[in-house]
Amino acid sequence: MSDTDRQVVVRFAPSPTGYLHIGGARTAIFNWLYAKKHKGKFILRIEDTDAERSTRDSIQGIMDGLEWLGLSWDEGPDFQSENIQTHLRAAEQLIASGHAYKCFCSKEEIDAKREAARKARQTYSYDRTCRRLTPEEVKEREDRGLPFAVRLKVPEGDGAVRFDDAVYGSIEKKHADLDDFIIVRSNGRPLYILSNAVDDINDRVTHIIRGQDGLANTPKQILLYQALGAPLPVFAHMSLTLDPKKAKISKRRHGEMVAVHFYREKGFLPWAFVNFLVLLGWATTDSREIFTKEELIK
């Protein structure tokens with residue numbers, strides 16, 4: 001099956017550490033509209049691996065907000081925390097295939113190297129000490145019961161990660177500017193960057209439509225896709241929702257004024273609010289402000 005024959009699959013993947021804010025709602029709307037336009041599938045995934053900050057009330061608030069906006073999902077809600085063993089198996093697969101390695105460097109050792117780089121006025125990057133360990137040296141450390149993180153091997157040399165973002169165009173990140181980044185912590189917990197990529201692969205997500213703040217992680221996620229032998233999705237990074245002073249909106253800085261439920265409680269009409277959110281960052285040539293659901297989908 002060619003890429004053009006694949007069913008469009010998109011996802012909205014909020015972290016349930018607070019209410020649904022308008023920036024997240026705008027991202028969800030564009031994913032939902034894209035799925036509807038292409039008769040695809042819209043997945044709701046709750047990325048709840050931050051157990052200390054994730055709450056049941058936040059999960060319910062996100063779902064209530066989406067339903068009030070008229071955004072129904074075709075699959076989910078799926079919970080990322082239920083897939084941790086799948087994420088860890090992917091890390092084991094990457095080690096076995098030679099794309100990742102166990103890093104036994106302690107926090108104290110890393111901190112000392114970082115401090116030395118700071119004093120030398122150099123940018124710190126991991127020196128790949130454990131990437132050069134022989135199998136015998138790895139086994140010796142394992143036999144001693146030393147804790148280890150798992151790092152992905154970034155290709156060495158003059159190469160680069162290159163991709164075409166559907167919004168920002170051609171993007172390039174040199175391999176030399178990327179660390180061998182950690183995908184599993186020394187406490188055995190997978191990092192978000194691994195969990196997110198593995199879930200997207202397993203959900204067969206074809207288009208990742210998200211905020212511009214996710215752009216910095218994309219080269220690393222592409223390296224994970226390639227190492228796992230998975231086809232790349234289309235990436236589309238939307239401009240961020242800003243306040244009148246051009247600052248990124250945040251729950252911490254702006255409070256409930258950026259919460260979807262704030263507008264529901266103030267009596268706003270849900271489709272009018274959707275119209276307002278989708279027109280942030282673009283406009284039609286005739287400066288039109290009101291669209292029906294069918295017109296927005298088109």
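Helices (H or I, at least four residues) and strands (E, at least two) are taken here as DSSP runs, numbered from the N terminus. The model is a predicted one, in which local features need pLDDT of at least 70, side-chain atom pairs count only at pLDDT 80 or more, and totals for chains, interfaces and linings use all residues. Residues are numbered from 1 along each chain as its sequence is written, and side-chain values use heavy atoms, with hydrogens and water left out.

A pocket is an open set of points on a 1 Å grid over the protein atoms alone, where a 1.4 Å probe fits, with protein on both sides within 12 Å along at least five of seven lines; its lining residues have an atom within 4 Å of a point. Volume is the space filled by probe spheres set on the points.

Let me begin with the largest pocket, which holds about 1,400 Å³ of space. Its lining has 43 residues, and closest to the centre are Ala 13, Pro 14, Ser 15, His 21 and Asp 213. Two or more lining residues come from each of strand S1 (9-12), helix H1 (22-37), strand S9 (207-211) and helix H8 (251-254). H1 gives the largest share, 5 residues. By class, the lining comprises 14 nonpolar, 16 polar and 13 charged residues, where Ala, Val, Leu, Ile, Met, Phe, Trp, Tyr, Cys and Pro count as nonpolar, Asp, Glu, Lys and Arg as charged, and the others, Gly among them, as polar.

I turn now to the second largest pocket, of about 490 Å³. Among its 23 lining residues, Phe 30, Tyr 34, Val 167, Ile 209 and Met 238 lie closest to the centre. Which element supplies the largest share of this lining? That is H1, with 5 residues.
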